[in-house]
Amino acid sequence: MNSCLQTIQDYGLRSIGIGENLLPKTDFTLCQQFTLIGSGLIWNVYFGALALVAGFFLANAIALAKTARNPWIRKPAEWFVFVFRGSPLFIQFFLAYELLVLLPRSGIEVLGITVQTSWLTKAWAGALIVLFLNTAAYSAEIFHGALRSIPKGDLEAADAYGISGWQKFRRIQWPTMLRLAWPSYTNEAIFLLQSTTLVFFSGFPAFRQQGDALYYANYFADKTFNPFIPYPIVAFYFILVTLVVIYGFGAVNRRLNRHLPQNMRAKIRLRPQVIR
Amino acid sequence: MLAACADPKGIEGLTWLTCYLTSGKHLDFYWSFGTVLLLLLVTAPSALLMGFGGAMAARSQIAPLRWIGKGYTAMVRGVPDIVYFLFFVIALDQGIEYVKNLMVCPAGSAWPWQGLEFRVCQEAKVPLASASQFAYQAYGFFLAVITFAIVFGAFVANVIYGAMQAVPRAQLETGEAYGMSHRQVFRRILVPQMWVYALPGLSNLWMILIKATPLLFLLGVKDIVYYARELGGTKTQAYDFPHADWRLYYFLGLLVFYLLMTRGSEILLGRVAAKLSKGQATAAGEAMRKAAI
């Protein structure tokens, strides 16, 4: 038990570079596997949370742009969604990495100031940008669908009350859109978290063996030739994270639906989907 | 190889590009697109079969069978599927070698999982150490197909189970009223009507399957991602066709390939959906009926 506490101290924050430098090489204990894989989960949560929060705002903007009448606004939004939803995330990671590597290593001169670019090729920044754009595209499609299915009566009622323009959007359209989209958006959040496991398996290399949960699980499976322990541990951690996400998003869902009678409230149903 | 390409260092411009794009490695690269398409063609029906079996098991009257079916459909919830891909490939490989080990190895062989190694006797290796390069590739591909079929079968089972539940109860009761047996109701009423409810889910899965094919690369098959990385990397003067780091362009090519695949499928599946909705008691079917009047 004491040795396990020691292991947690050594490897609990290993994925962000704190603690023991060398990964265990022989005599793998269950405790080591749980600790290291759990430590890798920090990256998954980091990528998932930041991409989701930033993606939410971009998704709103793009969903609105998709409903615009002006083709100069609508077309780019449609293409953005098409490109990011129509291609595998795996390829997007590779492409982004190759693109970012091509940036001049010494930095770019902008108005006399040298802007460093090397950090963009690191997973924490580069992969985050890809995930951010990717989730924005998927969420924009969800929000766009919700915008189109706002009941006609709600909009007519707004007109009847003399609410128009920004007020109408802010007070009628946007809350209804969120309410309608929320169950699907919860699923999107879960799948985004799951797809963060792709980061260290595609273009972005793990820096000093600081990887995500799956990276360490793969490390253990490679070393022990026994896939039956590390992969179920990853699965266990991800089910925990999924439960937390469902709980948090469920609370928001209840708030969005609070004005409706009990039987008309939307329920969040977990619909399985795979990585993109 | 074209005659003009005999001396790659001496040519320039368009001829160089033609020669470059028809070099032996590039032909392998083009064939690997076939690998991806083959994977899709083999996986889609087998996943459909697995899914159908899973959904039938989940609806079964026999409790243990039902538990297996429910467990199989629940498997994919909440866990990233790439975990399954990495897991099943090793687990299947070891499972196959273990079974072969029981059959062909001399009696009294050691238990294969020894500390940090998995070891079976020489005769039990799959493929055998003396096997050709092609056999290794084919075996890897075979493992990948099974893995894809298991994982996607679980997704399909979810969709089909939901679709079977969505067929109006009255339809089944009508069948029973006509004196059909359980089996007849299933075959003549439930299955034919189920497809229209399953199609949106299935077409979604088909899109996801297309987008999951680059994972072949992770499973060790020489697929398009492998070749794009190989061919695109910087080539020094030691090679026939030296060039700088062109991986970006190769990956752009892959991106276009996938965009075309998904867009094409979208259009095709839209047509199928329209065809299936004809005459159905659904919103889409009703809209078609109204439009026809």
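Chain B and chain A share 1 salt bridge. In this predicted model, that salt bridge is formed by A:Glu98 and B:Arg247, whose closest N and O atoms are 3.5 Å apart.

**The interface between chain B and chain A**

- The elements of chain B that each give two or more residues to the side touching chain A are helix H4 (81-104), strand E2 (117-118), helix H5 (133-166), helix H7 (182-212), helix H8 (224-232) and helix H9 (247-277).
- The largest contribution to this side of chain B comes from H9(B), which gives 10 residues.
- Sorted by class, the side of chain B that touches chain A holds 28 nonpolar, 6 polar and 8 charged residues.
- In terms of contacts, 42 residues of chain B meet 41 residues of chain A.
- The two chains bury about 3,800 Å² between them, and 78% of this area lies on carbon and sulfur atoms.
- Across the interface of chain B and chain A, 3 residue pairs are found in polar contact, with both residues of each pair at pLDDT 80 or more.

**Chain A as a whole**

- Chain A contains 9 helices and 2 strands.
- Read from the N terminus, the order of these elements is α-α-α-α-β-β-α-α-α-α-α.
- The C-alpha trace of chain A spans about 75 × 55 × 30 Å along its principal axes.
- Chain A has 276 residues, of which 50% are buried.
- Of the contacts in chain A between residues at least 6 apart in sequence, 74% join residues that are at least 24 apart.

**One residue of chain A: A:Asn60**

- A:Asn60 is located in helix H2 of chain A, which covers residues 30-67.
- A:Asn60 counts as buried because its relative accessible area is 11%, and the limit for a buried residue is under 20%.
- Which residues is A:Asn60 in contact with, leaving aside its neighbours within four places in sequence? They are A:Phe143, A:Trp174 and A:Met177.

Key:
Residues are numbered from 1 along each chain as its sequence is written. Chains are lettered from A and ligands numbered from 1 in the order in which they are written. This is a predicted model: local features need pLDDT of at least 70, side-chain atom pairs count only at pLDDT 80 or more; totals for chains, interfaces and linings use all residues. Side-chain values use heavy atoms; hydrogens and water are left out. Contact means heavy atoms within 4.5 Å. Buried area is the accessible area (1.4 Å probe) that two parts lose on being put together, summed over both. A salt bridge is a side-chain nitrogen of Lys or Arg within 4 Å of a carboxyl oxygen of Asp or Glu. A polar contact is a pair of N or O atoms within 3.5 Å; within protein, one must be able to donate a hydrogen and the other to accept it, and residues adjacent in sequence count only if both atoms are side-chain atoms. Helices (H or I, at least four residues) and strands (E, at least two) are DSSP runs, numbered from the N terminus. Ala, Val, Leu, Ile, Met, Phe, Trp, Tyr, Cys and Pro count as nonpolar, Asp, Glu, Lys and Arg as charged, and the others, Gly among them, as polar. Buried means under 20% relative accessible area, exposed over 50%, partly exposed in between (1.4 Å probe, protein chains only).
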